[in-house]
Amino acid sequence: MHEKLHNRDNEKRIAQGCADKWGLTMTEAPPFCVVDGCFFKDEKPYAFFEVKKRSYRLSRLADVWIDKKKLNKAFAGASESGIGLVLLFEFEDGVFFCPVKEWPKYETKQGGPAKKRDAHDVDELFLIPQSNWQKV
């Protein structure tokens with residue numbers, strides 16, 4: 001719930017790099033929004049985005065996890081708005097994106113941040129297969 005300033009700085013850097021590469025503009029969402037911001041194409045909303053930074057290599061994973069409630073809410077908002085949703089993750093081996101084009105139906109598991117070791121910080125997580133990710 002408490003996002004640190006350096007996390008928002010990383011999210012902005014990652015999203016801005018993708019926007020520049022794809023010829024889009026972007027705006028950040030206010031704190032505590034479900035998504036981190038929105039990409040625009042020719043000044044029209046194009047896709048909401050969610051950004052994460054991970055301290056490992058995507059090439060070493062079978063899948064990538066994200067909170068199920070968060071992704072469902074983000075996709076519902078994008079669908080209602082008639083625009084896309086894209087996940088942007090920076091791993092040690094680069095920045096990757098995963099467009100979410102239909103209601104998420106990924107395999108799930110129960111889990112949470114391992115480094116916190118907080119038994120109460122456990123949620124249902126979507127497992128997004130590595131094959132769904134493309135390098136930016």
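**View 1. Overall architecture of the predicted model.** The protein's secondary structure consists of two helices and nine strands, helices being DSSP runs of H or I with at least four residues and strands runs of E with at least two, numbered from the N terminus. This is a predicted model, in which local features need pLDDT of at least 70 and side-chain atom pairs count only at pLDDT 80 or more, while totals for chains, interfaces and linings use all residues. Residues are numbered from 1 along each chain as its sequence is written, and side-chain values use heavy atoms, with hydrogens and water left out. Starting at the N terminus, the order of elements is α-β-β-β-β-α-β-β-β-β-β. Of 136 residues, 38% count as buried (buried: under 20% relative accessible area; exposed: over 50%; partly exposed: in between; 1.4 Å probe, protein chains only). The exposed surface comes to about 8600 Å², and carbon and sulfur atoms supply 50% of it; areas come from the Shrake-Rupley method with a 1.4 Å probe. Among contacts (heavy atoms within 4.5 Å) with a separation of 6 or more, 56% involve residues 24 or more positions apart.

View 2. Six strands make up an open sheet of mixed pairing, in the order β1-β2-β3-β5-β6-β9; two strands pair if DSSP finds at least two bridges between them. Its edge strands, β1 and β9 (134-135), each pair on one side only. Seven bridges link β3 (residues 44-53) to β5 in the parallel sense. In this pairing, A47 stands opposite G84 of β5. Helix α2 packs on the sheet and touches β3 and β5, its direction making about 140° with that of β5. Axes are lines fitted to C-alpha atoms, for helices over the stretch in contact, and angles run from 0 to 180 degrees between N-to-C directions.

**View 3. The nonpolar cores.** The largest nonpolar core contains 19 residues, such a core being a set of buried Ala, Val, Leu, Ile, Met, Phe, Trp, Tyr and Cys residues joined through side-chain atoms within 4.5 Å. At least two residues of this core come from each of β4 (63-67), α2, β5 (84-91), β6 (94-99) and β8. Those with the most contacts inside the core are I66, L71, L85, L87, F89, I128 and W133. Beyond its neighbours within four places in sequence, I66 contacts E50, K52, L71, L87, F89, L125, F126 and I128. Another core, of 13 residues, lies apart from the largest one and includes C18, M26, F39 and F97.

View 4. Eight salt bridges are found in the whole structure, each a side-chain nitrogen of Lys or Arg within 4 Å of a carboxyl oxygen of Asp or Glu. One of them joins E28 and R8, with an N to O distance of 3.5 Å. Because E28 lies in strand β1 (residues 25-28) and R8 in helix α1 (residues 5-22), this pair ties together parts 20 residues apart in sequence. R8 is buried at 18% relative accessibility, whereas E28 is partly exposed at 33%. E28 also forms a salt bridge with K12, whose closest N and O atoms are 3.9 Å apart. K12 lies in helix α1 and E28 in strand β1, so this pair connects parts 16 residues apart in sequence. K12 is partly exposed, at 41%.

**View 5. The salt bridge between K68 and E124.** The closest N and O atoms of K68 and E124 are 3.6 Å apart. K68 belongs to helix α2 (residues 68-81) and E124 to strand β8 (residues 123-129), so the pair ties together parts 56 residues apart in sequence. Both count as partly exposed, K68 with a relative accessible area of 23% and E124 with one of 31%.
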